[in-house]
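Please look at the sequence and the model together as I speak.

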Amino acid sequence: RTGRGATARDRPGSGGRVRAGAAATMTVSGALEAAARHHAAGRLGDAERLYDAVLAALPDHAEALHRRGVLAFQHGALDHAADLVRRAIAVDGDAPDLYNSLGNILLRQDDPRGAVECYRKSLAIAADDAVVHVNLGIALYGVGELSAAAAALGDGVGRMPEHAQARAALGQSAPAPADDR
């Protein structure tokens, strides 16, 4: 496997482990799990170190590329984030969350047309994702397609009525993306 869940064991000669510090090594899946915990807890430096360790061992690991791209996005390094997520898409073009993330990055880079394209690709793979419908609506608003934006936002609310931002976005003039994943 070379996709999202690929481990170092899946590649000849990689040994299934990554160097996670001066003396520590761990499995790729262990490193990604630990990085995700650090990321969720706001320990971004620790998460970055582990994502980078995985990428040092497996430069084409789609999940690590994606997560590292999301982290770069959160740091405001938008060009780097877009590059990382595009690399992840090149490895695993069937993962809808990658297109959603790239759409969020492009929207922040003031490229709503590019974001619309990404959100539509995501929805072509996973049509029921309420968050992506909301993000598509926000991007469509950004390109002036107001009726299509309202329809996409309505689809998002219909799929997830408790999503407060989706409901609010229907009436806002400049909504922000619903999720930075």
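Arg-37 lies in helix 1, which spans residues 28-40; helices (H or I, at least four residues) are DSSP runs numbered from the N terminus. This is a predicted model, in which local features need pLDDT of at least 70 and side-chain atom pairs count only at pLDDT 80 or more, while totals for chains, interfaces and linings use all residues. Residues are numbered from 1 along each chain as its sequence is written, and side-chain values use heavy atoms, with hydrogens and water left out.

Is Arg-37 buried or exposed? Its relative accessibility is 53%, so Arg-37 counts as exposed; the classes are buried under 20% relative accessible area, exposed over 50% and partly exposed in between, with a 1.4 Å probe and protein chains only. Between the C-alpha atoms of Arg-37 and Ala-47, ten residues apart along the chain, the separation is 7.8 Å.

Arg-159 is partly exposed, because its relative accessible area is 37%. Setting aside neighbours within four places in sequence, Arg-159 contacts Ala-127, Asp-128, Ala-130 and His-133, where contact means heavy atoms within 4.5 Å.

I turn now to a pair of helices. Helix 3 (residues 62-74) packs with helix 4 (residues 78-91) at an angle of about 160°, and their axes are 8 Å apart. Axes are lines fitted to C-alpha atoms over the stretch in contact, and angles run from 0 to 180 degrees between N-to-C directions. Helix 3 is therefore roughly antiparallel to helix 4, a term for angles over 145 degrees. By class, their contact has ten nonpolar, three polar and two charged residues; Ala, Val, Leu, Ile, Met, Phe, Trp, Tyr, Cys and Pro count as nonpolar, Asp, Glu, Lys and Arg as charged, and the others, Gly among them, as polar.

Finally, the core. The largest nonpolar core has 46 residues, and those with the most contacts inside it are Leu-102, Tyr-119, Leu-136 and Leu-140. Such a core is a set of buried Ala, Val, Leu, Ile, Met, Phe, Trp, Tyr and Cys residues joined through side-chain atoms within 4.5 Å. Helix 4 provides the largest share of this core, seven residues. Not counting residues up to four places away in sequence, Leu-140 touches Val-116, Arg-120, Glu-145, Ala-148, Ala-149 and Ala-152.

Key:
Helices (H or I, at least four residues) and strands (E, at least two) are DSSP runs, numbered from the N terminus. Angles under 35 degrees count as roughly parallel, over 145 as roughly antiparallel, 65 to 115 as roughly perpendicular and the rest as oblique.
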